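Work through the exercises below with the structure open. Each task is followed by a stepwise solution.

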Amino acid sequence: MKIMTCPINGERPISEFYYWGAIKTPPNPDICSDEEWSDYVFNKNGAPGIKKEFWCHSPSNTWFVAERDTLTDTILKTYLYDGGAK
Amino acid sequence: MISPLSFENITTTEFAKDGLLIKDISNAEKFGIKGKGAEEFLKSQDIKLPEKYNSAVVDNEKIVMRLGVSEYLLEGVGVSKFYDLPKPDKAYQVLRQDCCLLLRGAAIYKILSQSCAIDFVKANAKDLPLFLTSMVGVGVTILLSEEEGLPEVRIYCDPTYGSYLFKTLLEIGGDL
Amino acid sequence: MRLPQQTSEIINREKPVAFTFEGKKYQGFEGDTITSALLANGVKILGRSFKYHRPRSVLSFANHDMNVIVDDVSGQYFIPNIRADVTKVIDGMKLKAVNTFGGVENDKASILGRFSKFLPVGFYYKAFHTKALFPMWEKMFRAMTGLGNVDFKTPKIKTAKDYGFCDCLVVGAGVAGLSAALAAAENGLDVVLVDENSQIGGSINYTDIPNELIERAKAASIRILSDCYAAGYYADNWVALVHKTHMTKMRAKTVIVASGAFEQPPVFRNNDLPNIMLAGAFLRLLKLYSVKIIENAVFLVANDYGYETAKTALANGINIKAIVDLRNGDEVSGLEEFVAKNIPVYTASCIYEAVAGKDKQVERVKIHEFNDGIAGTLKAEIACDGVVMATGFAPALNLLYQANTKMRFDDALSQFIPDVLLNSVFACGKLNGNYSYETRVRDGEFAGISAANFVKNSKIKLPKALAETQKPNHPWPIIEHEHGKNFVDFDEDLQLKDFKNAVQEGFDNIELLKRYTTNGMGPSQGKHSNMNGLRILARLTGKPAQEVGTTTARPFYHPVPMKHLGGRGFSPNRVTPLHSRHGALDAVFMLAGNWQRPEYYARDGISRQNAINAEVMAVHDNVGIIDVGTLGKLEVIGPDAAEFLERVYISKYKGLKIGNCRYGVACDETGVVVDDGIIARLSDNHFYFTTTTSGAANIYRELSRLNMIWGLDCGIVNHTGSFGAINLAGPNSKAVLAKFTDLNLDDFPFLGYREALVAGVKCRIIRAGFVGELGYEIHASALEIHKIWDEFITAGATPFGVEAQRVLRLQKGHIIIGQDTDGLSTPYNAALDWALKMDKPFFVGKRSLEIIAKKPKSQVLAGFALPKDYEGAPPQECHLIIENGDIVGRITSITKSPKLGQIIGLCHIKPELAAIGSEIKIRFSNGSFVAANIVNTPFYDPENLNQKGVAK
């Protein structure tokens, strides 16, 4: 059972977490084309590598960012979301 | 005040055997508040606050628990009066109807190790640490402390899961 | 026979144990395993092999082979597949060997051995062509194959599972493991040491190795768990430890694997005869159980261990008729003692063939010249009653494979060695290529200190590694024989030629070879056969072992009882605050997710359907109450609360007046409808809103995330569990409510929101119309809502359940998210476009909906009804709508409305077929059809007069 470190609650079994998905910056919906928007909404990068993702520690409802190397299945770091795009 | 165990008509609220006590203490008064303004509100009510995330302090016979960064759960006589007071900006009150179960005695580690993936033996009970985690499939907040040298935990959970949690802990305790 | 008492034995002669095997009575002692007790009693045949039903006895005596498996039929239910070599015998056991026809002595199925020519490897892929005969073959194979019998009376037994924690888990308490555990503990780590045997110490207990490590370990503060094996290694040093009574999920900061090596059988004709065994089996029977089953032994060796074992045999009064060494004379040393006793030692020799006597046990062996796998001329034929084999080991790397370890094949040692390990996993001992006592001890120290350095982030000096001089593993202990029966895998009865056949047919890759031959797929999972299989494949393909590779090892290392895996089976049960009330009213409960909800309330002498209909009619004619406490209940508070809601839901809320409610539909970023509810405005900055029961946790979590990234000035609170809720509905609902509140109900319009005391309890009241009659949804704190329910019941309200609610809402055409919507439903095709406000600057899903709006709809949601006089079986949800042989839609909800007296429903349907009045054809599961018509919704009270409370 993999361990994930919640930035607030510390190390926990990964079953306590909810994986939301990779963080993607949306194109500006007011000016982008339909193709650009569809690509943003539906296409995900499946190539192994370092992913930046939203995760949530369910018992405490703590949302945070995890950087994971999906090639080696290693969690590199976790930290609270520090702002950014909408 | 009734206890959430009444949802399933559970009338036995205490279980004791050598080295172990499991007790329903849900009917203690509770108050919850969260948000960036929560600290300001509690300080304005002269409540002593824990400095560290996920820890508790005892202030004048009230238990003040800090859940994570900016959520607080207070337990003790008189805390429910805070519900009716005006709140400052960014202070959002939370109606607390939790089921709360007390486990006390040397044998509690055996129940905890069957139900929860946290190493309580190595934790420092004197710090009054809080653990927000999952126990037998239910989200819980666990406060670890000690009383006269015996370890003690208070387990808070959503009232709608209370009777399931109580029955399950009793089953584990009974089999020890 | 049983030898006189000796200090090394672990049996308790004070406690005799009586049991039966194959119908005969035997006696053993407490501490005996089933096999040691049987052998002490002179039983010669302990089992029959899987395919050819050949007579078998002990081979490894270490749970590395499955020659002796028994069922115990003594209790109230059978216990099948007991591994007799390692299971303690208990008084009263009634044992029988598995997989025999007529018992282990005279198994009739042994005739299969004669047909082995027709049962080559993979024969089942080729032999069965006539499909008509399949039932006959199936019946035959079901009777013939399989091992123990499953007893269907076996009760479900729950055992505890617990979590464990330590700094260092050491797997294996042999020399290296003990040394590692001590080094780790002495450097401050909290150590857990596990061993599958009931005694720790491994070979210390049956060879001449000093036992000081055992004494020191017991005295140190190390948690020692014997009779406990590590069944598997999982992510982040999580190891499943299986005890006799339960399982521990151990999380270790470091893991040291010292699980040793499996003794490997050499491959020669009839190497599986009873009383041909591995050296470890011989030694352990002799020293731990005081069982001697050989008087005149032949030893087949290729290492020092074989000679040490021979010396032990001599010391215990066993005659050695010959020692056969596969190696050349110049590689062998230490023969003086044997030469002095006139024991012939044949070097560069092999056992070409073992021959059985009348009792089916080995009675003589043929010793031939041995030259790299080929037997040369006969050197001697020796009579004997047992053969002891010590030609090499294969490392027990199972856990390390699971821990992503890369292995390297060491040609000099002829074994795989762990090469690249995870930084918190360490290996030591025989599996690391160390076979001498000193090197094993040193290797263990090295691992223990390395573990301490990892945990403490320290730089404690590591001991210098000692070079291992022993080379105990013969690279090719395999002897060709034209008549075969030289077994590689004893579980599967695989002979050398089976491998040749497989490679010849093209299965020349280790993974294919395994699966085609089934090598290593039997109950011992390759412990005694994988290495030889690999060697054979390497030779046949001319590739080096490193290139051939190994198959991986998956959990579990030994089988784990199902009850250990099942554990207590926690399954959270969620109840509303009114649960006990429902029970008292004879509710029949159903599971809705985790929640217990009343499906309906049982009525004496009345069928389920009629009870549901009565509940429906009570709501239409009088007043009913339903517990809707499972609904999600959220609040958003702050200056940006309305802005927040406008971004999340598809409608507008900034203009919603205080004291009013509005329906809310939430979409995801692709424009698909994901949830709905009612949103009430309590003040400028405060909204209270509901979600679906199943969506509550997801919506709260996702809204928290959106709040985090949008950074609006508002907070979200989840009150789902802390509030209960009751829907009071029916033409008399207002009158009933009026009895218990001072709230002016005449100033409470449809879609209004009020706060008031009801039955003395502070409440939030929403006037909505999900069930289509005048009604009030009353929310109050979980610990007080029962007071309101009790009063309403006393006032004569009829409790109604989920089924009645579903009928009522369907009569109004109200959708249920996830039932009438699916993964492609948008507001456009789920009849929710009326709620869509595309002129908002932003809401989740808006941009996608702009794209979708431009495309033609592939389906719409429409109401349909069957003719009033239709008497047949009703169609079900998901029955398809067919037009010209094509699927054009499906039913999403359907019911027979007691109020309307006809079958109504909602369906997804192609837009061109959705005109009001058109006929649709619904197909039943059996292929027959029924016709229905598209009709307008709501089906009942189309003007919504009742729900608005303005009906005449």
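Two residues are in contact if their C-beta atoms, placed from the backbone, lie within 7 Å. The model is predicted.

**Exercise 1. The core around V191(C)**

Task: Find which residues of the largest nonpolar core touch the most other members, and list the contacts of V191(C) beyond its neighbours within four places in sequence.

Solution: 
- Step 1. Start with the core itself. The largest nonpolar core has 169 residues.
- Step 2. A181(C), V191(C), I256(C) and V387(C) touch the most other members.
- Step 3. Turn to V191(C), setting aside neighbours within four places in sequence. V191(C) is in contact with C166(C), D167(C), C168(C) and V170(C), among others. The list also includes A181(C), A184(C) and A185(C). I222(C) and R223(C) complete the list.
- Step 4. Look for another core. A second, separate one holds 148 residues, including L101(B), V138(B), L832(C) and A932(C).

**Exercise 2. A sheet in chain A**

Task: Give the strand order of the open four-stranded sheet of chain A, and explain why β3 and β6 each have a side without a neighbour.

Solution: 
- Step 1. Read off the order. The strands run β3-β4-β5-β6 in chain A, with antiparallel pairing.
- Step 2. Locate the edges. β3 and β6 (74-79) of chain A each have a single partner strand, so one side of each lacks a neighbour in the sheet.
- Step 3. From one strand to the next, the average is 30 degrees.
- Step 4. Pair β3 with β4. Five bridges join β3(A), residues 17-22, to β4(A), residues 50-57. Y18(A) has C56(A) as its bridge partner in β4(A). A22(A) stands opposite E53(A) in that strand.
- Step 5. Pair β4 with β5. Eight bridges link β4(A) to antiparallel β5(A), residues 62-69. K51(A) is partnered by R68(A) in β5(A).
- Step 6. Inspect the turn. β4(A) and β5(A) form a hairpin with four residues between them. N61(A), in the turn, has a positive phi of about 55 degrees.

**Exercise 3. The contacts of chain B**

Task: Describe how chain B touches chain A and chain C.

Solution: 
- Step 1. Take chain A. The contact draws 11 residues from chain B and nine residues from chain A.
- Step 2. Name the elements on the chain B side. β9 (130-135) and β10 (138-147) of chain B each give two or more residues. β9(B) gives the most, three residues.
- Step 3. Sort that side of chain B by type. It has six nonpolar, five polar and no charged residues.
- Step 4. Take chain C. Here 31 residues come from chain B and 25 residues from chain C.
- Step 5. Name the elements again. β7 (92-94), α2 (108-115) and α3 (159-175) of chain B each supply at least two residues. α3(B) gives the most, with seven residues.
- Step 6. Chain B brings 13 nonpolar, 10 polar and eight charged residues to chain C.

**Exercise 4. Two domains of chain B**

Task: State the domain bounds of chain B and describe the contact between the domains.

Solution: 
- Step 1. The domain assignment gives domain 1 as 11-26 + 98-175 and domain 2 as 30-94.
- Step 2. Taken over C-alpha atoms, they are separated by 23 Å.
- Step 3. Count the contact. Domain 1 of chain B supplies eight residues, and domain 2 of chain B supplies eight residues.
- Step 4. Characterise the domain 1 side. β9 and β10 of chain B give two or more residues to it. Its residues divide into five nonpolar, one polar and two charged.

Terms used: Residues numbered from 1 in each chain as written. Chains lettered and ligands numbered in written order. Predicted model: local features only at pLDDT ≥ 70, side-chain atom pairs only at ≥ 80, totals over all residues. Nonpolar A, V, L, I, M, F, W, Y, C, P; charged D, E, K, R; others polar. Pairing = 2+ DSSP bridges. Core = buried A, V, L, I, M, F, W, Y, C linked by C-beta atoms within 7 Å. Buried ≥ 20, exposed ≤ 12 C-beta atoms within 10 Å, placed from the backbone. Axes fitted to C-alpha atoms, helices over the stretch in contact; angles between N-to-C directions. Domains from an automatic or database assignment.
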